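Visitor: Could you show me how to read a few features of a protein model?
Guide: Gladly; let us look together.

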Amino acid sequence: MAIGRHTSARSGLALSVASVALVVSACGGDKNSGATAESWCKFVAESDVVDEIFDSLGVDPVETELGLKKVEEFLKRLPKEAPPEIAEDAKTIADGTQQLIDAFASASFEIADADLSFLADSELESNRDAAADRIDAYSQNECGRSFGSDDSASSDNDLSEDEVSLSDFDPASGTLRDQLIAQFESIGLTNEESSCIAANLDFSDPAVQSGDVAAMLDVFETCGISLDRLVELGSG
């Protein structure tokens with residue numbers, strides 16, 4: 001389980017790995033009034049469902065809202081499910097995750113328009129990371145696995161810095177949409193063209209996340225940007 005440890009372009013395009021993983025840590029199970037190691041392990045066994053929700057998030061705000069509402073239902077039970085040894089850590093994760101969900105809600109569940117500037121708070125990130133590490137250590141010791149997504153299983157899907165053609169998403173520098181527009185303008189596209197691209201990209205598409213130009217050709221066509229223009233910009 002990795003919380004807020006990466007701020008790559010993939011993070012921004014999918015909603016940011018930091019954001020996705022943060023919510024993955026807030027997954028849930030059945031309500032259990034007596035939190036024990038045994039009940040926690042049952043809870044952990046059901047936690048991967050949140051990964052599935054986030055993998056399905058895209059540009060449709062209605063689907064995003066529905067998915068995050070399900071996550072929020074799990075989130076409300078997280079502190080009650082945590083044994084005393086990790087109760088405070090569970091609250092830290094729950095509070096941070098609710099802040100994330102609130103940010104998306106404030107943007108009407110438009111992922112690209114969410115204000116994620118709070119993720120740039122290094123102290124907040126450090127506290128989340130430390131809480132996540134302690135929850136993982138406890139879960140590994142008691143349950144034989146991490147809480148949320150299995151890091152080893154997801155590592156093959158992570159992009160290296162060399163594979164990311166879009167600049168790193170910086171939560172402190174505006175919304176994802178604002179930063180994408182600025183990036184496209186920096187290569188010579190007009191504000192209108194750049195805004196059109198940002199409005200039509202499917203951020204849930206792994207090919208788009210990796211900066212694969214071929215995956216964006218339909219969007220370029222929709223925005224009236226010809227291949228000749230792209231070649232001209234690339235040779236400039």
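Visitor: Where is the place of Asp136?
Guide: Asp136 sits in helix α7, residues 122–143. Helices here are DSSP runs (H or I, at least four residues), numbered from the N terminus. This is a predicted model, where local features need pLDDT of at least 70, side-chain atom pairs count only at pLDDT 80 or more, and totals for chains, interfaces and linings use all residues. Residues are numbered from 1 along each chain as its sequence is written, and side-chain values use heavy atoms, leaving out hydrogens and water.

Visitor: Does Asp136 count as buried or exposed?
Guide: Buried means under 20% relative accessible area, exposed over 50%, and partly exposed in between (1.4 Å probe, protein chains only). Asp136 has 10% relative accessibility, so it counts as buried.

Visitor: How many disulfides does a search of the whole structure find?
Guide: A disulfide is a covalent bond between the sulfur atoms of two cysteines. The cut-off used is a pair of cysteine sulfur atoms within 2.5 Å. The search finds 2 disulfides. In one of them, Cys41 and Cys143 have sulfur atoms 2.1 Å apart. Cys41 lies in helix α3 (residues 37–45) and Cys143 in helix α7, so this pair ties together parts that are 102 residues apart in sequence.

Visitor: Which residues of helix α10 are buried?
Guide: In α10 (residues 191–200), they are Glu193, Ser194, Ile197 and Ala198. Seen down the axis of α10, these buried residues fall within an arc of 130° (taken from the directions from the helix axis to the C-beta atoms), so they line one face of the helix. The face turned away carries the exposed residues Glu192 and Ala199.

Definitions and conventions. Helix = DSSP H or I, 4+ residues; strand = E, 2+ residues; numbered from the N terminus.
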